Amino acid sequence: MVRSLLISTLFLFAATIIESSILSNISFLLVVPDLVLICCIYFSLLNGKLYGEVSGFISGLFLDFITGVPFGFNCVFRTLIGYITGLFSNTIIISGLVIPIASVGIATLTKKLLIFLISLFFPKLSLNVYSIISYEFLFEFCANIILAPVVFKFLSFFKPQLSIHDTKDMIDND
């Protein structure tokens, strides 16, 4: 488990760097797609709720340090999303198109709702909170669900290294 957690941490760190350094500097993007959330969803669906919590918390730490938001802001909702997604790890097969799109779409909506709730409780925080009915949210939602199957397929190449389960027993329909 430690080896797979270290490898997934490296993937989360790489996704954080790509998201904050490369994608945020592309001028025609209204909002940056959340690659870190997509990776966290994949790890949660692959390994379960405890692994989802840990990967959500680690990804939140990376984003808190790099983006400059108040410490713990990303950790809170990413840990919750990782845990909730991990609940479905034994019942969902993550190959194909529908499950990545649906799970990342639901996670993006959940993320937006949790950010909205946090902004209600802490109104003095200078958060970039945009409405759920806005072009920014629509762009982020569409970008996330379009990138989800691509990221899931890429990460599936590393499934034996990322999984905490015995991969000899896994049926791979990729």
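In which helix does I41 lie? I41 lies in helix α2. The structure is a predicted model.

**I41 and its surroundings**

- I41 has a relative accessible area of 0%, so I41 is buried.
- Leaving aside residues up to four places away in sequence, I41 touches I81, T85, S103, V104, A107 and F152.
- Between I41 and I84 there are 9.6 Å in space, taken from C-alpha to C-alpha, while the two are 43 residues apart in sequence.

**Aromatic pairs**

- A pair of aromatic rings is described by the distance of the centres and the angle of the planes.
- The number of aromatic pairs in the structure is 9.
- F11 and F154 form an edge-to-face pair, because their planes stand at 80°, over the cut-off of 60 degrees; their ring centres are 6.2 Å apart.
- This pair links distant parts of the chain, with F11 in helix α1 (residues 2-22) and F154 in helix α6 (residues 135-156), 143 residues apart.
- F11 is buried because its relative accessible area of 17% falls under 20%.
- F154 has a relative accessibility of 43% and therefore counts as partly exposed.
- Y42 and F152 also make an edge-to-face pair, with 5.2 Å from centre to centre and 80° between the planes.
- F11, F154 and F158 are linked into a cluster by ring pairs.

**Packing of α5 and α6**

- Two packed helices are described by the angle between their axes and the distance between the axes.
- For α5 and α6, the packing angle is about 145° and the axes are 8 Å apart.
- Their crossing is right-handed.
- On the α5 side, the residues in contact are P100, I101, S103, V104, G105, T108, L109, K111 and K112.
- On the α6 side, the residues that meet them are F137, E140, F141, N144, I145, A148, P149 and F152.
- Sorted by class, the contact of α5 with α6 has 10 nonpolar, 4 polar and 3 charged residues.

- S134 lies in the loop between α5 (98-121) and α6.
- Its relative accessibility is 18%, so S134 counts as buried.
- A polar atom of the S134 side chain lies 3.3 Å from the backbone nitrogen of F137.

**L147 in α6**

- L147 is placed in helix α6.
- L147 counts as partly exposed because its relative accessibility is 26%.
- Apart from residues up to four places away in sequence, L147 touches P33, L35 and I38.
- L147 and S119 are 28 residues apart in sequence, and their C-alpha atoms are 27 Å apart in space.

Key. Residues are numbered from 1 along each chain as its sequence is written. This is a predicted model: local features need pLDDT of at least 70, side-chain atom pairs count only at pLDDT 80 or more; totals for chains, interfaces and linings use all residues. Side-chain values use heavy atoms; hydrogens and water are left out. Rings of Phe, Tyr and Trp (its six-membered ring) pair if their centres lie within 6.5 Å; planes under 30 degrees apart count as stacked, over 60 as edge-to-face and the rest as tilted. Helices (H or I, at least four residues) and strands (E, at least two) are DSSP runs, numbered from the N terminus. Buried means under 20% relative accessible area, exposed over 50%, partly exposed in between (1.4 Å probe, protein chains only). A polar contact is a pair of N or O atoms within 3.5 Å; within protein, one must be able to donate a hydrogen and the other to accept it, and residues adjacent in sequence count only if both atoms are side-chain atoms. Axes are lines fitted to C-alpha atoms, for helices over the stretch in contact, and angles run from 0 to 180 degrees between N-to-C directions. A crossing is left-handed if the near helix is turned anticlockwise from the far one by less than a right angle, and right-handed if clockwise. Contact means heavy atoms within 4.5 Å. Ala, Val, Leu, Ile, Met, Phe, Trp, Tyr, Cys and Pro count as nonpolar, Asp, Glu, Lys and Arg as charged, and the others, Gly among them, as polar.
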